[in-house]
Amino acid sequence: MADVIDIAYDQADYFLQVALDRRQRQATTAASAEFCEDCDDPIPLRRQQAEQGCQTCISCQELRERRR
Ligand SMILES: [Zn+2]
C-alpha cells in the first residue's frame, strides 16, 4: 500500500506546483484567462473582453466575492 500512497503524494505535489506556477504567471499578466482558474470551464469571450484580467468564470467570481 505504501507505493500507492507514494504515488498519491507525488501527484499531489505535482499538481500543487502546476497550480502555483499558473498563479504566478497570471499575476504578471493582465490578460484575461481563457479558462476559469477555479473550475477550468471556458470563460466566455464577452466576459474576457469586458473584464480585463479576469481569471474566473462568473459563478466562481461570485463565490470568491462571497468569501471575502
Ligand atoms: Zn469557474
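Is Cys54 buried, exposed or partly exposed, and how many other C-beta atoms lie within 10 Å? Cys54 is partly exposed, because 18 other C-beta atoms lie within 10 Å. On this scale a residue is buried if 20 or more other C-beta atoms lie within 10 Å of its own, exposed if 12 or fewer, and partly exposed in between, with C-beta atoms placed from the backbone.

The structure is a predicted model, in which local features need pLDDT of at least 70 and side-chain atom pairs count only at pLDDT 80 or more, while totals for chains, interfaces and linings use all residues. Residues are numbered from 1 along each chain as its sequence is written. The pLDDT is the predictor's confidence in each residue, from 0 to 100. Its average over the chain is 88. A score of at least 70 is reached by 91% of the residues. Among the elements, helix α3 (residues 58–67) has the highest mean pLDDT, at 93. Helix α1 (residues 2–28) has the lowest, at 86.

The chain contains three helices and zero strands. Helices (H or I, at least four residues) and strands (E, at least two) are DSSP runs, numbered from the N terminus. Along the sequence the pattern reads α-α-α. The chain is more spread out than a compact globule, because its radius of gyration is 15 Å, well over the 11 Å that the globule rule gives for 68 residues. The radius is taken over C-alpha atoms, and the rule is 2.2 Å times the number of residues to the power 0.38. Along the principal axes, the C-alpha atoms fill a box of roughly 50 × 25 × 20 Å. Buried residues account for 6% of the 68 residues.

The domain assignment, which is automatic or taken from a database, gives domain 1 (1–30) and domain 2 (31–68). The C-alpha centres of domain 1 and domain 2 lie 21 Å apart. Two residues count as in contact if their C-beta atoms, placed from the backbone, lie within 7 Å. Among contacts between residues at least 6 apart in sequence, 6% join residues at least 24 apart.

Two residues of the helices illustrate separations in space. Asp13 is in helix α1. It is exposed, with 10 C-beta neighbours inside 10 Å. Asp13 and Glu62 are 49 residues apart in sequence, and their C-alpha atoms are 29 Å apart. Glu65 belongs to helix α3. Glu65 is also exposed, with 8 C-beta neighbours inside 10 Å.

The loops were examined next. Cys54 sits in the loop between α2 and α3. Leaving aside neighbours within four places in sequence, Cys54 is in contact with Ser32, Ala33, Ile43, Arg47 and Gln48. Ile43 is eleven residues from Cys54 in sequence and 9.0 Å away, C-alpha to C-alpha. Ala33 is in the loop between α1 and α2 (45–50). Ala33 is partly exposed, with 17 C-beta neighbours inside 10 Å. Its C-alpha atom is separated by 9.3 Å from that of Cys57, 24 residues apart along the chain.

Asp40 lies in the loop between α1 and α2. Asp40 is exposed, with 9 other C-beta atoms within 10 Å. Its phi is near 65°, a positive value in a residue other than glycine. Most residues other than glycine have a negative phi.
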